[in-house]
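Okay, thanks for coming, everyone. Let me put the structure up and then talk you through it.

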Amino acid sequence: MNAVSVRVRLDITGVVQGVGFRPAVARIAAEFSLDGWVYNDAGSVHCEFEGPAADVEAAVSALQDRPPPMARIDTLAVTAVQTRGEAGFAIIASRTGDDGRTLVPPDIAICADCLREMRDPADRRYGHPFITCTNCGPRYTVITDLPYDRPATTMAGFPMCEPCAAEYRDPTDRRYHAQTIACPDCGPQLSSSLEDAADALLTGSVVAIKGIGGFHLACRADDAAAVARLRTRKNRPAKPFAMMVADLEAAREIAEIDDAAAAALTSPSAPIVLVPGKPRAVAEAVAPGLADLGVMLAYSPIHHLLFDRLGRIPLVMTSANQGGSPIVFRDEDLNWIDGLADAVLTHDRPIHVPCEDSVVTIDDEGGELPLRRSRGYAPLPVAVPVIDGEVILATGGDLKTTFCLMGADGHAHLSAHLGDMADPRTQHCFEAALDHLAFMTDQQPDVIACDMHPGYATTAWARRHAGGRPVVTVQHHHAHAVSLLADHGRLGTPIIAVAYDGTGYGLDGTVWGGELLAVSGAAEFTRVGHLAPFALPGGEGAVCQPARIALDLLFRAGIDWTPDLAPVAAVGQTGLHVLAQQIPRGVGCVPTTSMGRLFDAVASLLGVCQQVSYEGQAAVELEHLARRGRAVDFSAALNFVVDVGVMDPAPVIAGIVEGLRAGADPADLAAGFHQAVIRATATTARYCADAAGISVIGLTGGVFANRILLGGLRKSLTKGGYEVLSHRIVACNDGGLALGQATIAAARRVAASTPERNGACASESPAK
Ligand SMILES: [Zn+2]
Ligand SMILES: [Zn+2]
C-alpha cells in the first residue's frame, strides 16, 4: 500500500562543491528511501527526489537542516516535476559548464573523524600530518585554478595512490571527490621530525611552523624567557601574542571560557578568541597589561601531532612576519624572518594564497564580534543586493587592509586580512589576492572605490591602477556605517550610526573619529553629532605619545600642567617647553574629534600608558583597567555637555583630575570614564534619532572592540526602545571598511544613472 509518489527538483547554490554535497544528498535519499539523482555543474547542485510526499518533504528539510559541515546553502529552489518511476538514487558525473562559478570554501579545522583516524594505530593514516576529508582541511589557500579538482590545487604534485583513489571514487566514502586527500604513501612530507620540533619548543626555542595559511612563530607561552626572546627578536615590545592550546580543556587551564567562547573556539573556523585570562597561567609578557588572552585551539593535523607530544603546554603562535609586513607563506621567503626562529618545521605542500588566523571577541549578547575576518571565514561572501552590470573593487583602509570585490551576482567577496599597505610586500600580496579572487569569481572590476584620505596607500593604489575606470572616494566613517548595514542586510534601514575609531579623514580635512551619522540609503550621509574638537600636537605623531593629547585636553579644560599629573611627567621638561608654545597657539596641532584619541589621552592621564607601540594599545589597556574598577559617578556636574550633538570632554577630564588628586583608584576613574562616554553617547544618539524620526542605532568603528562600551551602550539604548545593530560578519574596525566602500560606490553609481533621483536630505556629501 504505497502512498502516491511525488517528485521535486532542487536547485541549490552557495558553497556546494568540494564539500561532499552530492554524497550528503545521496545519504539523505537513502535515509528516506527516495529515488532520483543528483549532479553538479559549475555553479550549483541539482537534484530530484521521488517518493511519498511526506518523505520527500522530510528529505528537503533534512538537507536544509544538516548540509555537510563545510557547505553553505545560499539559495534552494524547490519545483514540483513529473514523476518518472525510476528505481534507486544516482550520483551523476559532473557536467562541466562555464556559466556561473561555485563559491570557494574557506579553510576548515580538522574534523573529529580525521582526528580519530590520525590517532588510531590501526588506521592507514595513523600519524599522517596532512590527513583531510570532504568535511575538513585547507581549501581557499590551496585552490589555484578552476574547475576545482586536484590538478587545480597545490596538491597537483602529489598523485593519489590506488587506495586513496579508490576512496576518492567511492560515493559512500567520506573522501569521495575530496581533492586534497592523501596518505603517508602519496602525500606531502614534513621537512624534519615532529619530535625535533617538540623538543626544541620544550627547551624554550622559537620554532617557525608552516601551517594552513602561512608560517607561525611558536614558543612556550609559560616560559617567560622564551616569550621575552621572541619579543626582542620581533621588535614587538607589547602587542599581545596569540596562543594555541591542544584542546578546550587546555584552554580552560589558562582562561575563563564560557559557553559562547567555547562555541567559537571549537567552531570549524577555529578563530583566535579573546577571553579573560587566569592569573599567572602564562608568562606576563604574552599580553602585557591586558586582562584578556587571545586563544585558539589546534586546528591542523600538524598542530595536533605537536600537542600530542607537548600535552597541555600552551604555545605562543604568532604570524611569522616582522612589523606590519605580510605573513611568510612560501619557504623561499623565510629570509624575511631571518634570525627570528631557532628551528623551522616546514613541508612540501605549497600554500597558494596566504591567510592569517581570524580574531573574534564575544560581545554582550554572546555573539562573535569579528576583529579580523580571515582563515575559516575568507573568502565567503556577504550577500548584497544584486546591482546591474558593474563590478566594484573597494580597496579598504591602510592598516588591517582587506579588499572587497562586489559583483553583479549579489555577492560581496571579501579578501583575507592583508595587513599594513605601507609595506610594498603587502601591496604585492594585495595584487596577488585580487587577481586570484577576480579569477575565482569571474569578476573584473569596472569601478574602484577607496577612502577619501589622500595619504592612504590604498587610495594611491586605486588612482594608480584606475586605468580610466571611475574612482569613487568614500568618507571613512560613512563606510563604517554602511558596512554595518550591509553586515545585517539592512541597507534600506535609516539609522543613526555611532562611528567611533582612531583616525578617519573627515570631509573638512581634519581627523574624525567620534562621529554620529544619519544614514538613510547608502549613497549619502549627514554628520549629526561629534566629539568637540581637540588637538593632536605634532599631528599624527601624537598617537605614539598620548601625553601630548592629554596636555591639550587639560589646557582646554582650564587645568594647569602641574607635575603631579602623569602626562606632565611623561613628556619631560623639554617636551613641556615645546608643547607650552604649541598648544595655546595651535601651532603644529591637527584638530580631531577622535574617540580613540580621547581614550588614549585618558589612559595617559591615569598613568596607564605613555608609549604606544601598537594600534589601540592605550585604549585597550584603559578598558582592561576599567574592568576591575567600580565606576566613579561623573554624572553630577561632570558629564559630557550635549549641545546640538557636540559632546565636550572637558568636564570629564576635570572630574578625572579631581578624582586623582583626591586619591581615587585609577581603575574606578577608568570605569567612571567609560560610563560617562556611554551616557553622553546614548543621550546624543537618542537626541539625533528622535530629531530624525529614526529608531535604529548602529555601533561601528574600531573603538567598539571595547566590550564595556558596546555592552553598556546597547543596554542603555535598548532600554530606551531603540534597536541596536553591531557587527556580526565583518570587522567593526578598518578590516570591515571595504564592504561599506563598495556598497556606497554601488549606490552612488545607481543614483547617478537614475535621472529622477529622490532628493536626499541636505548632507555634507563629499565633493570629488
Ligand atoms: Zn576530516
Ligand atoms: Zn595515498
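Predicted model: local features only at pLDDT ≥ 70, side-chain atom pairs only at ≥ 80, totals over all residues.

Residues are numbered from 1 along each chain as its sequence is written, chains are lettered from A and ligands numbered from 1 in the order in which they are written, and side-chain values use heavy atoms, leaving out hydrogens and water.

So, the overall build. The protein has 20 helices and 29 strands; those are DSSP runs numbered from the N terminus, H or I with at least four residues for helices, E with at least two for strands. For 768 residues, a compact globule would have a radius of gyration near 27 Å, and the protein agrees with that at 27 Å. That's taken over C-alpha atoms, and the globule rule is 2.2 Å times the number of residues to the power 0.38. Along the principal axes, the C-alpha atoms fill a box of roughly 90 × 70 × 55 Å.

How much of the protein is buried? It's 59% of the 768 residues, where buried means under 20% relative accessible area, exposed over 50%, and partly exposed in between, with a 1.4 Å probe and protein chains only. Of the contacts with a separation of 6 or more, 72% come from residues 24 or more positions apart; contact means heavy atoms within 4.5 Å.

Now the metals. Zinc ion (ligand 1) is held by the SG atoms of C111, C114, C133 and C136, at 2.3 to 2.4 Å. Donors here are N, O and S atoms within 2.8 Å of the metal (3.2 Å for Na, K and Ca), and water is not among the atoms, so sites may look incomplete. The angles among its four donor atoms run from 105 to 117 degrees, making the site tetrahedral, which for four donors requires all angles between 85 and 135 degrees. For reference, the ideal tetrahedral angle is 109.5 degrees. Along the chain, the donors are spaced C-x2-C-x18-C-x2-C. C114 sits in helix α3 (residues 112-118) and C133 in the loop between α3 and α4 (162-169), so this pair links parts of the chain 19 residues apart. Both of those cysteines, C114 and C133, are buried.

On to zinc ion (ligand 2): its protein donors are the SG atoms of C161, C164, C183 and C186, 2.2 to 2.3 Å away. This site is tetrahedral too, with angles of 103 to 117 degrees, and its donor spacing reads C-x2-C-x18-C-x2-C.

Next, the cores. The largest nonpolar core has 83 residues, and M243, I257, V286, V295 and V316 have the most contacts inside it. Such a core is a set of buried Ala, Val, Leu, Ile, Met, Phe, Trp, Tyr and Cys residues joined through side-chain atoms within 4.5 Å. A second, separate core of 69 residues includes A550, V568, V657 and A680.

Last, the backbone. A cis peptide bond joins A378 and P379, with omega about 0 degrees, and P379 is in the loop between β14 (368-372) and β15 (382-383). H177 isn't a glycine, yet its phi is positive, about 55 degrees; H177 lies in the loop between α4 and α5.

Technical notes: Tetrahedral: all angles 85-135°; square planar, octahedral: opposite > 155°, others 65-115°.
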